[in-house]
Protein chains: 2
Amino acid sequence: MELQFENGLVPAIIQDRHSGKVLMLGYMNREAFEQTRTTGVVTFFSRKRQKLWVKGETSGHRLRVREIRVDCDADTVLIQADLTGPGCCHMGYKSCFFRRITQDGEEVIADREFDPDDVYGEKQKESQT
Amino acid sequence: MELQFENGLVPAIIQDRHSGKVLMLGYMNREAFEQTRTTGVVTFFSRKRQKLWVKGETSGHRLRVREIRVDCDADTVLIQADLTGPGCCHMGYKSCFFRRITQDGEEVIADREFDPDDVYGEKQKESQT
């Protein structure tokens with residue numbers, strides 16, 4: 001089985017090992033994928049910044065890899081991880097999927113776990129996917 | 001909140017509403033996304049075939065939409081769904097993520113739920129993402 005990178009990237013779904021909550025989706029190039037495997041800490045390739053991005057390098061909320069799964073086409077990975085911090089999302093939520101789409105628009109369906117201003121201060125606040 | 005389609009597509013993670021299992025990842029263009037919303041049945045855009053693809057149109061194993069979530073960047077959706085059939089994967093498994101990557105290679109970690117030959121016969125057997 002050879003991972004299929006498309007334009008050098010593979011999407012990686014991160015799932016909380018305990019709750020089953022889907023935390024986020026990021027992208028990995030081969031180097032990020034290998035670094036994720038060898039260090040056991042989820043590392044993406046930031047398409048915005050065009051460089052490796054260890055998730056949590058600013059916030060400290062890292063993702064420890066427990067299992068890496070691959071889909072039938074070998075073009076998507078699913079990582080079971082433990083979150084070492086209150087939340088995965090740069091907006092202060094456990095999961096980046098904190099809103100649902102309704103008939104009328106959208107609705108926030110989760111509570112904030114932390115205040116992004118406290119965690120990020122003047123540092124890079126934006127999502128880096 | 002305006003969904004951010006990249007090159008006309010947004011990745012859609014499908015999660016089984018009951019088990020929390022991540023079933024698959026597919027891609028939607030705006031039309032597929034709107035059809036998914038209005039019909040309540042997950043509809044992708046097949047990049048291989050360059051056309052709309054109602055998941056389960058061949059196998060009958062459709063995905064009924066229960067909730068659509070969107071991430072902080074609004075560039076990925078997470079759909080909570082009910083699977084109307086034994087498995088989501090065209091290779092006969094409940095989830096497309098039926099293998100884990102190990103030190104030595106890969107390992108199948110799920111049982112087959114159905115025989116793809118029975119379900120697909122001579123019809124399109126391939127994944128269409």
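How many salt bridges are there between chain B and chain A? The count is four, where a salt bridge is a side-chain nitrogen of Lys or Arg within 4 Å of a carboxyl oxygen of Asp or Glu. One salt bridge links Arg47(B) to Glu6(A), with the closest N and O atoms 2.9 Å apart.

The model is predicted, so that local features need pLDDT of at least 70 and side-chain atom pairs count only at pLDDT 80 or more, whereas totals for chains, interfaces and linings use all residues. Residues are numbered from 1 along each chain as its sequence is written, chains are lettered from A in the order in which they are written, and side-chain values use heavy atoms, with hydrogens and water left out.

Between chain B and chain A, 18 residue pairs are in polar contact, both residues being at pLDDT 80 or more. A polar contact is a pair of N or O atoms within 3.5 Å; within protein, one must be able to donate a hydrogen and the other to accept it, and residues adjacent in sequence count only if both atoms are side-chain atoms. On the side of chain B that touches chain A, the largest share, four residues, comes from strand 5 of chain B. Strands (E, at least two residues) and helices (H or I, at least four) are DSSP runs, numbered from the N terminus.

The contact (heavy atoms within 4.5 Å) involves 39 residues of chain A and 39 residues of chain B. The two chains bury about 3300 Å² between them, 57% of it on carbon and sulfur atoms; buried area is the accessible area (1.4 Å probe) that two parts lose on being put together, summed over both. Of the area that chain B buries against chain A, 21% is supplied by Cys72(B), Phe97(B) and Ile101(B), more than by any other three residues.

Within chain A, helix 1 (residues 30-39) has Ala32(A), Phe33(A) and Thr36(A) buried, that is, under 20% relative accessible area (1.4 Å probe, protein chains only). These residues lie on the same side of the helix because they cover an arc of only 100° around the axis, taken from the directions from the helix axis to the C-beta atoms. Glu31(A) and Thr38(A), on the other side, are exposed (over 50%). The buried residues of helix 1 of chain A pack against several strands of chain A, including strand 3 (43-46) and strand 4 (51-54), and against strand 7 (99-101) of chain B. Gly40(A), which follows the helix, has a positive phi near 75°.

Strands 3 and 4 of chain A run antiparallel and are joined by four bridges; pairing requires at least two DSSP bridges. Phe44(A) stands opposite Trp53(A) of strand 4.
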